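Have the sequence and the 3D view open and follow along.

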Amino acid sequence: MASAETVQPKNYVGFDSITSQIEKKLLKRGFQFNVMCVGPTGSGKSTLINTLFSSHLIDSKGRTSPAEPIHQTTEIQTVSHMIEENGVRLQLNIVDTPGYGDKVNNERCWDPIVKYLKDQHSAYLRKELTAQRERYIPDTRIHCCLFFIQPTGHSLKPIDIVVLKKLMDLTNVIPVIAKSDALTPDELSAFKERIREEFQANHLRMYPYDSELLDEDERAMNAHIRSMVPFAVVGSETDIVINGKSVRGRKNRWGVINVEDESHCEFISLRNFLTRTHLQDLIESTSLIHYETFRAKQLLSLKESNTQQQQADRNRPLSPAGSAGNPGIYPRGLSAGSGH
Ligand SMILES: Nc1nc2c(ncn2[C@@H]2O[C@H](COP(=O)(O)OP(=O)(O)OP(=O)(O)O)[C@@H](O)[C@H]2O)c(=O)[nH]1
Ligand SMILES: [Mg+2]
């Protein structure tokens, strides 16, 4: 058999334009990027979402007067934003979740969040398995979950570890230290170090993941990110004027924290990481790692239950009404809302 070797065509064939064709098509269609915020009650999730996208997308507890009622997120809510930069359209969907862990009994308080994540994988799988599937399946799978850690300066709480373990199997998890203005720089770096150790000790896989396919630059970038994670962030919905320039900040009795100043917090690093350097990789690893794992598990359990059903059917005495029944539009076990 002839060995594989690179052959140079004599005349210009033109298929090298395929990359720009694909690019053009993708850019025209745009991207969907779905981010979810998870964390304890009052940890600043809604405020950070508003800070990230500079608009009042979601009610936070921030009050401008004592008479104003406290806003607490009580159900999972999604807001969408269409962003366009240099002809590239990005549909950003942000999923805010109610804080967990403030009840007397916190058992299974994470269930609605886990169910939401699984439902999105399941909806995609159902669409993919239909006979006449759409060429382009709208993607509601969560590409990245910002996990809010309270700035205690101690360690992760047992409930955090339980929730993190559930989330890691389903999505890319990026831990952030919320309200990091509560810690001094020394406390913050010691806290970060302890959290990284706890992640390792509890076998919690933190995004970004290493892979053999990465080149040297990408590896170096990931190593840099890993040395930074968890990102220490501060959120604010108030504009403050510093040197004649209006910025998002928090004013307290001893000064002003400028959310966008990299010497004050890592908000800008987090935003660049999400929307610039790792956007494509977050989308890709959701599809290639988390969705594939979910898909394989679902299809295997489907196969098992079908085999069991067939065996039961075979053992059943024959009767005129002994048909296996109508499996419906979905394969058995994959009805809407399955997968949890
Ligand atoms: N000091 C400080 N306070 C913050 C920060 N971010 C938010 N807050 C305040 O913390 C309170 C709660 O913020 P939210 O954004 O509503 O918290 P949440 O996590 O959405 O709360 P739930 O919806 O109840 O889960 C508000 O009073 C915010 O102004 C921060 O970075 N630093
Ligand atoms: Mg909230």
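Let's begin with R29, which is partly exposed at 45% relative accessibility. Here buried means under 20% relative accessible area, exposed means over 50%, and partly exposed is in between, with a 1.4 Å probe and protein chains only. You'll find R29 in helix α1, which covers residues 18-29. Helices (H or I, at least four residues) and strands (E, at least two) are DSSP runs, numbered from the N terminus.

A word on the ground rules: this is a predicted model, where local features need pLDDT of at least 70 and side-chain atom pairs count only at pLDDT 80 or more, while totals for chains, interfaces and linings use all residues. Residues are numbered from 1 along each chain as its sequence is written, chains are lettered from A and ligands numbered from 1 in the order in which they are written, and side-chain values use heavy atoms, with hydrogens and water left out.

Back to R29: together with K24, K25, K28 and R135, R29 makes up a patch of positive charge on the surface. Patches take in residues with over 30% relative accessible area and no salt bridge; like charges are joined within 9 Å, and nonpolar side chains (Val, Leu, Ile, Met, Phe, Trp, Tyr) within 5 Å. The accessible areas come from the Shrake-Rupley method with a 1.4 Å probe, and for residues only the protein chains shown count as cover. Lys and Arg count as positive and Asp and Glu as negative, while His and the chain ends are not counted. The place of a charge is taken as NZ of Lys, CZ of Arg, CG of Asp or CD of Glu.

There's a patch of negative charge on the surface too, made of D215, E216, D217 and E218. D217 sits in helix α6, residues 216-228, and is exposed, with 63% relative accessible area.

What about charges that do pair up? Side chains of opposite charge can pair when their charged atoms come close. A salt bridge here is a side-chain nitrogen of Lys or Arg within 4 Å of a carboxyl oxygen of Asp or Glu, and by this rule there are six salt bridges. One of them joins R141 to D139, with the closest N and O atoms 2.8 Å apart. R141 is buried, at 4% relative accessible area, and D139 also counts as buried, at 10%.

Another salt bridge links E266 and K192, again with 2.8 Å between the closest N and O atoms. This pair ties together distant parts of the chain: E266 is in the loop between β9 (255-258) and α7 (267-277), K192 is in helix α5 (residues 185-201), and the two are 74 residues apart. E266 counts as buried at 17% relative accessibility, and K192 is buried at 8%. R248 and D239 form a salt bridge as well, at 3.3 Å from N to O; R248 is buried, with a relative accessible area of 10%.

Now for the cysteines. A disulfide is a covalent bond between the sulfur atoms of two cysteines.

Next, follow the loop between α5 and α6, where Y207 is placed. Is Y207 buried or exposed? Y207 is buried, with a relative accessible area of 0%. The C-alpha atoms of Y207 and V173 are separated by 5.8 Å, although the residues are 34 apart along the chain. Y207 is joined to P208 by a cis peptide bond, with omega about 0 degrees. A cis bond also runs from V229 to P230, with omega near -5 degrees; P230 lies in the loop between α6 and β6 (231-232).

Finally, look at two backbone angles. H203, in the loop between α5 and α6, has a positive phi of about 55 degrees although it is not a glycine, and H203 is exposed at 72%. N243, in the loop between β7 (239-242) and β8 (245-252), is not a glycine but has a positive phi of about 50 degrees. N243 is exposed, with a relative accessible area of 80%.
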